[in-house]
Amino acid sequence: MPRALVTGNQAVGAMLAAAGEANRFARGCCSGVYPITPQTEIMETLTAFPFTKGSVVPVESEHSAMGVCIGASIAGARAFSASSSNGLLYMTENVLAAGYYRLPIVLVAVNRTIGPPWNIWVDQGDSLALRDAAMLQFYCESHQDLVDTVLLAFRIAEDSRVLLPTLVALDGFVLSLAIWEFALPDRGMVHAYLPPLDLPHRIRRDHPRVYGGMTWPRDTQRQREDIERAMEAVPAVIREAADEFETVFGRRPAGAFPAAHTDDAELVLVACNTMARTALHVVAARRARGERVGFVRARLFRPFLRDEFTQAIGPARRVAVLDRNHSPGSGGIFWSEIVTSLAGRSDVLAQDYIVGLGGTDVSYSLIDGIVDDLAAREEPVPPVFVEEVA
Amino acid sequence: MAAEAIAGGASVVTRSEPLWRPGNNACAGCGMSLGLQWLDQALRSGMLTLVVPACCAVVAPGAFPDSAYGVPTVGSTFASAPAVATGLSRVHRLNDEPDPTICWAGDGGTYDIGLATLSAAAERNEDIIYVCYDNEIYGNTGGQRSSATPAGVRTTTTPGGKAEAKKDVMAIMAAHGVPYAATLSLAHRDDFMRKLAVAQATRGLRFLLLLSPCPAGWKSEPGDTVELSRLAVASGMFPLYEVFNGRRYRVNVRPDGTPLEDYLALQKRFTGAAREADVLYAGIREQWARLEALAANFPTTDVSERAEAAHRWLRVLVEDRPSVLARVAGQVARRGINIETVVVRSLPDRAHTYITMGVDAEERAVERVAKSIVRLDAVVDVDVFEGECPEQSAGSAP
């Protein structure tokens, strides 16, 4: 497989384009796009791509970008877009609508802090504000993870057991602008991996249907329940998609909670995105000194696979959750999912650490300090905001 | 339910179901409901995709699993109809499916929350027919003001009467230079059908504005919906006109002297003060002065009438050389002016020729063409005449 050396955004753009192009023998692809830092490079890559059967529409807002994707997807095309920060919030109404229409749209979120005050740097508050959308959410740590996850996202979203939009998140600048080497799936492989999209409920002119009409309360609750059942089907679909991925590309993509050194760990660090790589270095160094420290990366946030998480941490009794996000009045969002997963496990101390908001550096020493902090605690305390010591 | 045939590489689907079935939940006398029936008739048996934002047009067809719509219909979020229609229309085109994508939205979705989305779709000239059923109120939520509400109208949010005038959304759409924009009335069926036919024959974004009386909001009798539509046009309150490419205005029906009071008397939404004050009359006068000025500046004859109206003549004296005629004609064509007639006549000296072209165009445009023709190196002189064909006596060559 050829190696590529490009920015994270370019890698994402190339994969979205390849996925769209792979549907050229079916109903083609279509994307509504709108610029926002630090995502812009992705939409520029898409508008420049010479699709055989595709249409990229530069619209006037993120809200309309998702609107175009909704229309295109209902018409049976492969649809995708990308945004960041306030752009994701402006798009939100239509992101939720896409889920309720059951459309397998892939949305890339280049994480950036929500303003005001204005700040272009990374935290995950933007994509996590879409937490309650009917949408899968993946968080990526590297260019390889990104390109693999984008392809998996289409495969999983378009599976008839799922049919939900899927979000793929990456850190703004830290990953989106970083140039990194990775194995680039070629067009033939992408085509082999992504079957032509045949959306079962797409618009058919010989079979008129209404999308998004009125429903009575009972039908509405049933529709929501259907979505929950689709989320429950995700683990099996992911396994199959990963098996097939390995067959086509010769490597296995990461799972929901990639872990290291958890077999005998007393304390486990949990983190997502690029922070996770820094955390892994801290864990490796401590392991070299004989400390029983482990590492878990939160890659799949929706659905949140509680059993897989509790298995991933192994026998550890202390869990340090690094949250680069903040839900005022509650704390970190990953942490609240994790304490729910550990309900009934009074033997486990899960402590929330809020770090890196607004793009503050989450350094090796900062994470190292968190390990020491948790090792010394006996009781959980309210979320701890950790700052780098100058 | 539908037969499918392949025509010219594109599949054509005909429908046997009405677009808008009986038994729907629309209120008695709903202008929107009548408008949907007329839309069905205007499109005859052709298939289409309908996009309706969250408004009465989503509620009136009924709830799952029933619907009054007999065509594929997407109920979009409130502000998104033109964006969703863009996605549908683009993918239909990618797949050689020629049926139109039609947005059917109220004044709230058009003048207010969806205006940016509509503006962007118009600026991109998306291949969409956009119909605004304008009941001049947020009818679905029980009658609040919108920017389409005329001055003097009492709504739940303007209990003393609205102070501001109705927004001129036609002017906004014309300013985008959309290929076709027109107003529609439920009292002028032939005009409605003709405009839908023009819209269907045109590509790009076509904007149609339908005055849609709402008995619940207007406090009018359901049986008066068509009469209200007629009086709105006859009194000059709602002009029937069309705009081609944002420039050529044509007035279809002028006020016939019917007093505005007749229109106001059939509804209870206008305050007494509004009825007595001059504000509504002044608004109508101002609207018509503007409209007539636009229609006067840009001749209103359309393609079908143009052949009999060659009323300006360009007489060009040229040196008799190969391809001069083509170059002269090219200058006319470049400005988008159609040559109705052309006469070429050699002069006795065999070295010069008169080319006389009849055109239907405004004076300034013809003057500009004349200036560009006279700059051609083989051209000796250009004259512009109005009215009768200029006498083409030989005269003497210079």
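Predicted model: local features only at pLDDT ≥ 70, side-chain atom pairs only at ≥ 80, totals over all residues.
## A salt bridge between two chains

A salt bridge is a side-chain nitrogen of Lys or Arg within 4 Å of a carboxyl oxygen of Asp or Glu. A:Arg27 and B:Glu97 make such a pair, with their closest N and O atoms 2.9 Å apart. This pair counts as a salt bridge because the cut-off is 4 Å. Side chains of opposite charge can pair when their charged atoms come close.

Across the interface of chain B and chain A, the rule finds 2 salt bridges. B:Asp99 and A:Arg205 also form a salt bridge, and here the closest N and O atoms are 2.7 Å apart. This pair crosses between chains. B:Asp99 sits in the loop between H3 and strand S5 (101–106) of chain B. A:Arg205 sits in the loop between helix H7 (187–193) and S9 of chain A. Over all chains, the structure holds 51 salt bridges.

Chain B has an average pLDDT of 88, and 90% of its residues score at least 70.

Over residues 1–11 of chain B, the pLDDT is below 50. Beyond near neighbours in sequence, this stretch has 29 contacts in the model. Residues 300–309 of chain B also stay under 50. For them, the model has 14 contacts beyond four places in sequence.

## Where the chains meet

How many residues of chain B are in contact with chain A? There are 43, and they touch 40 residues of chain A. The area buried between the two chains is about 3100 Å². Carbon and sulfur atoms give 62% of that area.

The rule also finds 13 residue pairs in polar contact across this interface. Several elements of chain B each supply at least two residues to the side that touches chain A. They are strand S2 (10–13), helix H2 (56–59), strand S4 (73–76), helix H3 (81–94) and helix H5 (115–123). Which element gives the largest share? H3(B) does, with 9 residues. By type, the side of chain B that touches chain A divides into 22 nonpolar, 15 polar and 6 charged residues.

## Strands across and within chains

Strands of a sheet pair through backbone hydrogen bonds, either parallel or antiparallel. One pairing joins the two chains: strand S9 (residues 210–211) of chain A and S4(B) run parallel, with 2 bridges between them. There, A:Val210 stands opposite B:Thr73.

Within chain B, strand S12 (residues 339–346) and strand S13 (residues 352–359) run antiparallel and share 7 bridges. B:Val343 has B:Thr356 in S13(B) as its bridge partner. S12(B) and S13(B) form a hairpin, with 5 residues between them. In the turn, B:Arg350 has a positive phi of about 60°.

## A sheet in chain A

Chain A has an open sheet of 6 strands with mixed pairing. The order is S10-S12-S11-S14-S15-S16. Which strands lie at the edges? They are strand S10 (259–260) and strand S16 (384–385), each pairing on one side only.

Inside this order, strand S11 (residues 267–271) and strand S14 (residues 318–323) of chain A pair in the parallel sense over 4 bridges. A:Val268 stands opposite A:Val319 in S14(A). In a regular strand the side chains alternate between the two faces of the sheet.

## Backbone details

Where are the cis peptide bonds? One joins A:Arg302 and A:Pro303, with omega about -5°. A:Pro303 is in the loop between strand S13 (300–302) and helix H10 (306–312) of chain A. Another joins B:Phe64 and B:Pro65, with omega about 5°. B:Pro65 is in the loop between H2 and S4 of chain B.

A:Ser85 has a phi near 50°, a positive value in a residue other than glycine. This residue lies in helix H4 (residues 85–100) of chain A.

Methods: Residues numbered from 1 in each chain as written. Chains lettered and ligands numbered in written order. Heavy atoms only, no water. pLDDT = per-residue confidence, 0-100. Contact = heavy atoms within 4.5 Å. Buried area = accessible area lost by both parts, 1.4 Å probe. Polar contact = N/O pair within 3.5 Å; in protein donor to acceptor, adjacent residues only side chain to side chain. Nonpolar A, V, L, I, M, F, W, Y, C, P; charged D, E, K, R; others polar. Pairing = 2+ DSSP bridges.
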